[in-house]
Amino acid sequence: MISVTGLRKSFGDHVVLDGVDLEVRRGTVFSLLGANGAGKTTTVKILSTLLSADAGEVRVAGHDVAREPDAVRAAIGVTGQFSAVDKLLTGEENLRLMADLHQLGKAEGRQRAGRLLEQFDLTDAAKKPASTYSGGMQRRLDLAMTLVGNPQVIFLDEPTTGLDPRGRRDMWQIVRDLVADGVTIFLTTQYLEEADELADRIAVLGHGRVIAEGTAEELKRRIPGGHVRLRFADHERLDAALRVLSDASRDNDALALRVPSDGSLHELKNLISRLDDHTVEVDELSVHTPDLDDVFLALTSQKVATR
Amino acid sequence: MSTQTLPRLHPIHDSATMLRRNLKRMLRYPSMTITLIAMPVVFLLLFVYVLGGTLGAGLPGGGGRAAYANYVAPAIILMTVMSTVQGTAISVAMDMTEGIIARFRTMHIARVSVLTGHVLGSVLQAVFAVTVVTGVALLVGFRPTAGPLEWLATAGFLVAVAFAFVWLCVALGLASKTVEGASNTPLPLILLPFLGSGFVPTDSMPAAIRWFAEYQPFTPIIETVRGLLMGTPIGNSAWLALAWCAAIALTGYLWSKRLFNRES
């Protein structure tokens, strides 16, 4: 649905995108993850025809963004980082404005606006100017406006930045419902949790390049940071275990140890038999895989170190 | 290339949609319109009641305050148009800072409608403002000699003037980096009538200013309005004024279009 090869963009001397390749399949959620200033918004702007690329090929919904921008525009919907609603108009007027621009005719426009207001829990605020809405309500209205045209591809540029936890969860549910309807979603976020929750595939953007790509699970597995946590009944047993396991380190908990491990069955078996051979008694054993935070930090710091 | 056909663009329908958006915005934010009308009204009162007695005495044939009210009203009416178009520059600049313009740019719509919506909205705003200010002028002693046909011609002519300068101000609004900038750049449009035949006849000015006054666009524009309303001779002023308007409208339109399509 979206394919990007060798995308480059600089602003003056400042290289923002330095050869980005991406592939997004129809009906999936793709998340572009990166710190502030990593080039996420620039990527969205190029993919949504707002900016032109310096080099590379970008195809969205089967059309080249540089050669057929109108065809791309007809297929996409964009919900930006800063709410793209008309704050002087009411929620309903904003939706009707979109319906008019999509040539929907009066009756159909009114009907669709009403349905979206209901779906996004904005019916009570429909007649109030958008300037009086909370951050979460403005984001919901923003996304509802994007949906008026039934886009095949939706770009969500940091849709939950600045929202409270409740607003964020609402937004996540909305995104899940959309995917269930077969829409392709290109999501940028700086929250790893969000990518983990929503995305089928994740690309990590750092210093203008994709430094890792895969499912959340794949990314986690690639990164060291997984460990087995062992808990002991007392200090003697813990000391006994320390003598056996040279690579173990103390956990924050006084009676627990961390043993580096990728969590595979093979390594676990080895660990257990070593403890068994020395008759070390363990109270509790748990396997910890790295979360995306570990992945992100590991990837971005690696990149810095090689520079 | 894909063989799939794109939905057709509807520039007129989209412009009407954008016009409705701008009219609603004006109604929600009436203080802008009020400010735009207040300025020429203050000038009118100032020129008629404070300066009018003396300035009127200096008119060819004299006549005092009453004569001066008739002399200055056309200039004040024109100032009303300029005040409105200055507001256009501000509202366009304000609009560009809002995310909704980025949304419009990512939609498959007739792009120019974003601008034509502003232009049509401002022309209607100018018609409203001119009506109010003309009403005030009549109250303070403006006694035009125009018949219905002349009034109609005046209205049409002022719409043409408003249309031309609105396009220029749309471009100025797009070109300015800040909203403050947009409120300052059109200021010459308010001042130029002073350097023409708007407030005093040009014969009373020093040679250099007189030369400038006679060749700047506002002099034929004011002379045309004055001729239509007061029956003074128009000569070739009307054609000159319309030529200026056409040139300004075209420049403003092309410039605006280029600015709007540039990348943000």
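The UniProt record, in an unreviewed entry, places the feature "transmembrane region" at residues 29–51, 71–94, 115–139, 151–175, 187–213 and 233–255 of chain B. UniProt positions follow the numbering used here, feature names are shortened, and annotations may be inferred rather than shown by experiment. The structure is a predicted model, in which local features need pLDDT of at least 70 and side-chain atom pairs count only at pLDDT 80 or more, while totals for chains, interfaces and linings use all residues. Residues are numbered from 1 along each chain as its sequence is written, and chains are lettered from A and ligands numbered from 1 in the order in which they are written.

Chain B contains twelve helices and zero strands; helices (H or I, at least four residues) and strands (E, at least two) are DSSP runs, numbered from the N terminus. Its radius of gyration is 20 Å, close to the 18 Å that the globule rule gives for 264 residues, so chain B is as compact as a globular protein of that length. The radius is taken over C-alpha atoms, and the globule rule is 2.2 Å times the number of residues to the power 0.38. The C-alpha trace of chain B spans about 75 × 35 × 35 Å along its principal axes. Within the annotated regions, residues 71–94 of chain B are 100% helix, and the end C-alpha atoms of this span lie 36 Å apart. Residues 151–175 of chain B are also 100% helix, with end C-alpha atoms 36 Å apart.

The largest nonpolar core has 89 residues, and those with the most contacts inside it are B:Ile76, B:Val81, B:Ala162, B:Phe165 and B:Val166. Helix 4 (residues 64–96) of chain B gives the most to this core, with 17 residues. A nonpolar core is a set of buried Ala, Val, Leu, Ile, Met, Phe, Trp, Tyr and Cys residues joined through C-beta atoms within 7 Å. A residue is buried if 20 or more other C-beta atoms lie within 10 Å of its own, exposed if 12 or fewer, and partly exposed in between, with C-beta atoms placed from the backbone. Apart from neighbours within four places in sequence, B:Phe165 is in contact (C-beta atoms, placed from the backbone, within 7 Å) with B:Val81, B:Met82, B:Val85, B:Leu189 and B:Ile248. A second, separate core of 49 residues includes A:Leu22, A:Val24, A:Ala61 and A:Phe186. Buried residues make up 44% of the 264 residues in chain B and 44% of the 307 residues of chain A.

Chain A has eleven helices and 14 strands. Its radius of gyration is 24 Å, whereas a compact globule of 307 residues would have one near 19 Å. The C-alpha atoms of chain A fill a box of roughly 80 × 45 × 30 Å along the principal axes. The domain assignment (automatic or from a database) gives domain 1 (2–221) and domain 2 (227–289) of chain A. The centres of these two domains, taken over C-alpha atoms, are separated by 45 Å.

Chain A also holds an open sheet of four strands in the order 12-13-11-14, with antiparallel pairing. Strand 12 (249–250) and strand 14 (284–288) are the edge strands, each pairing on one side only. Two strands pair if DSSP finds at least two bridges between them. Strand 12 and strand 13 (residues 256–260) of chain A pair in the antiparallel sense over two bridges. The bridge partner of A:Ser249 in strand 13 is A:Arg258.

Methods
Two residues are in contact if their C-beta atoms, placed from the backbone, lie within 7 Å.
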